[in-house]
Amino acid sequence: MPNAIETVDVNVPVTVAYNQWTKFEEFPKFLSFVESITQVTDTLTEWTVKIGGVERTFEARITEQHPDERVAWNSTGGQVDHAGVVTFHKLAANETRMTVQLDWEAKGLFEKAGAALSLDDHAIKKDLTNFKEFIEAKGSDDVGWRGDVQA
């Protein structure tokens with residue numbers, strides 16, 4: 001099962017980074033492979049992604065969420081099998097380090113080749129850079145969901 005761990009430092013307070021990350025329906029603004037996300041409940045989301053020109057849908061359940069610290073999830077059904085976690089670390093008053101770890105099952109020749117060549121790692125790094133540019137340009141502190149989830 002391929003996995004990736006990537007880190008990015010964003011020049012916003014940890015609360016701003018966390019709040020934006022919990023607005024799942026805005027992911028298509030900075031994650032290149034995400035077509036749409038619908039927040040069904042506080043802990044359930046429905047995703048549509050396009051990978052290598054192939055559109056797939058799945059549900060993901062938030063398994064752990066602690067405001068300003070971490071969000072973890074697992075896919076629960078559909079065409080994609082993956083799990084992930086993002087952690088938030090305060091470096092300074094206006095600087096946050098975000099670390100994303102993703103584990104997934106590569107399906108099909110294209111995805112297996114991409115995993116073997118570490119193309120997925122590059123795509124994740126690019127999307128984190130997109131998030132950095134998005135949140136730093138936005139600069140506002142829109143409130144995201146700040147509930148606490150412990151599976």
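**View 1. A salt bridge between Glu64 and Arg70 in the predicted model.** In this predicted model, the side chains of Glu64 and Arg70 meet in a salt bridge, with a distance of 3.3 Å from N to O. Arg70 has a relative accessible area of 26% and is therefore partly exposed. Side chains of opposite charge can pair when their charged atoms come close. This pair belongs to the topic of salt bridges, of which the structure holds six.

**View 2. The loop between S4 and strand S5, with Asp68.** Asp68 lies in the loop that connects S4 to strand S5 (70–78), and its phi is near 65°, a positive value in a residue other than glycine. Most residues other than glycine have a negative phi.

View 3. Arg97 and Asp9 form a salt bridge in which the closest N and O atoms are 2.7 Å apart. The pair links distant parts of the chain, since Arg97 belongs to strand S7 (residues 95–104) and Asp9 to strand S1 (residues 3–10), with the two residues 88 residues apart. How exposed are the two partners, Arg97 and Asp9? Arg97 counts as partly exposed at 33% relative accessibility, and Asp9 likewise counts as partly exposed, at 23%.

View 4. Within helix H3 (residues 119–138), Glu136 and Lys132 lie four residues apart, which is about one turn of the helix. An α-helix has 3.6 residues a turn, so residues three or four places apart point the same way. The closest N and O atoms of the salt bridge between Glu136 and Lys132 are 2.7 Å apart, and Glu136, at 30% relative accessibility, counts as partly exposed. A network of salt bridges links Glu26, Lys29 and Lys138.

View 5. Strand S2 (residues 34–39) pairs with strand S3 (residues 44–51) in the antiparallel sense over five bridges, and the two strands form a hairpin with four residues between them. Across this pairing, Ser36 stands opposite Thr48 in S3, while Val34 stands opposite Val49 in S3. S3 is also joined by eight bridges to strand S4 (residues 54–66), again in an antiparallel arrangement, and here Trp47 stands opposite Phe58 in S4. The hairpin of S3 and S4 has two residues between its strands, and Gly52 in the turn has a positive phi of about 60°.

**View 6. Helix H1 and its buried residues.** Is helix H1 (residues 14–21) largely enclosed or largely open? Seven of its eight residues are buried, so the helix is largely enclosed by the rest of the structure.

**View 7. The largest nonpolar core and the surroundings of Phe88.** The largest nonpolar core has 32 residues, and those with the most contacts inside it are Phe27, Phe88 and Met98. H1 gives the most to this core, with five residues. In soluble globular proteins, nonpolar side chains tend to be buried together.

**View 8. The protein chain as a whole.** The protein chain has three helices and eight strands, and from the N terminus on its elements run β-α-β-β-β-β-β-β-α-α-β. Of its 151 residues, 42% are buried, and the accessible surface comes to about 7600 Å², of which 51% belongs to carbon and sulfur atoms. Among the contacts with a separation of 6 or more, 52% are between residues 24 or more positions apart.

Terms used: Residues are numbered from 1 along each chain as its sequence is written. This is a predicted model: local features need pLDDT of at least 70, side-chain atom pairs count only at pLDDT 80 or more; totals for chains, interfaces and linings use all residues. Side-chain values use heavy atoms; hydrogens and water are left out. Buried means under 20% relative accessible area, exposed over 50%, partly exposed in between (1.4 Å probe, protein chains only). Contact means heavy atoms within 4.5 Å. Accessible areas come from the Shrake-Rupley method with a 1.4 Å probe; for residues, only the protein chains shown count as cover. A salt bridge is a side-chain nitrogen of Lys or Arg within 4 Å of a carboxyl oxygen of Asp or Glu. Two strands pair if DSSP finds at least two bridges between them. A nonpolar core is a set of buried Ala, Val, Leu, Ile, Met, Phe, Trp, Tyr and Cys residues joined through side-chain atoms within 4.5 Å.
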